[in-house]
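Trainee: Could we go through this structure together before I write my notes?

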Amino acid sequence: GGELPLTIGANAFDNAALLTSVVLPARLASYTSYTGDVIAPLANGALVFNACDKLESITVEDKSGAYYASVGGVLMTADMKEIVYYPMARAGEFTVPASVTKIHDRAFNEANALTALRFEGGSEDMVIGEYAFARCGALIAIVLPNNVVSLGDYAFFNCPALESVTLSANLESFKSTMISNSTKLAAIHVGTDGNGTYYSSVNGVLYNADKSCLLYTSDAADEL
């Protein structure tokens with residue numbers, strides 16, 4: 001038979017303070033244990049690399065059948081549909097490919113060297129996980145494409161430089177916890193013209209779709 005699947009345990013590289021790069025083997029894969037439990041390739045996702053604040057890149061061994069792939073040092077699934085982890089010290093800008101339909105929980109958490117994030121915008125629905133962009137210290141503005149239908153709690157938690165967020169026109173649910181502790185946030189917009197399926201905006205103030213209920217204004221951020 002071939003190589004057995006390999007998994008990496010929870011918090012395996014936690015606080016590896018001097019780690020700057022990682023090469024993952026191609027045989028990383030999920031498997032079903034004798035008890036019937038499915039074991040993920042990275043046991044607790046992005047938290048496998050928790051607090052690796054000097055980590056700049058993750059690459060994946062180049063073999064056919066690999067579960068993961070690396071794009072510019074960013075860990076993705078091999079089908080290019082999911083962003084799993086963005087290294088905390090990877091500097092500069094990043095563009096999310098149009099193929100992406102999922103950004104994992106904490107994928108960009110504490111990516112303080114990330115200066116700008118752009119989306120190519122695809123045709124399939126995209127979901128963004130909890131704490132996905134939390135504590136990104138250098139991001140000033142985020143524009144989500146209109147294929148984003150779900151945004152996790154604390155997605156933009158404690159982003160100290162964040163001033164503006166543009167939500168997808170098709171976002172199905174918004175909670176104030178998504179932006180909590182982002183104290184410079186002055187405006188939330190919706191889509192390209194302020195009109196969405198479930199939400200709308202006027203001059204950076206967020207309302208429900210028919211504008212009968214005010215949901216966010218910067219003056220009330222601490223109260224929401």
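Predicted model: local features only at pLDDT ≥ 70, side-chain atom pairs only at ≥ 80, totals over all residues.

Trainee: Which residues lie nearest the centre of the largest pocket?

Mentor: They are His104, Asp105, Arg106, Gly129 and Glu130, out of 15 residues in the lining. A pocket here is an open set of points on a 1 Å grid over the protein atoms alone, where a 1.4 Å probe fits, with protein on both sides within 12 Å along at least five of seven lines, and lining residues have an atom within 4 Å of a point.

Trainee: And how does the lining divide by residue type?

Mentor: Six are nonpolar, five polar and four charged, with Gly counted as polar and Asp, Glu, Lys and Arg as charged.

Trainee: Switching topic, what is Ala141 in contact with beyond its neighbours within four places in sequence?

Mentor: Ala141 is in contact, meaning heavy atoms within 4.5 Å, with Leu162 and Ser164. The C-alpha atoms of Ala141 and Leu162 are separated by 5.7 Å, although the two are 21 residues apart along the chain.

Trainee: What is phi for Glu110?

Mentor: Phi of Glu110 is near 60 degrees, a positive value in a residue other than glycine. Tyr154, also not a glycine, has a positive phi of about 60 degrees.

Definitions and conventions. Residues numbered from 1 in each chain as written. Heavy atoms only, no water.
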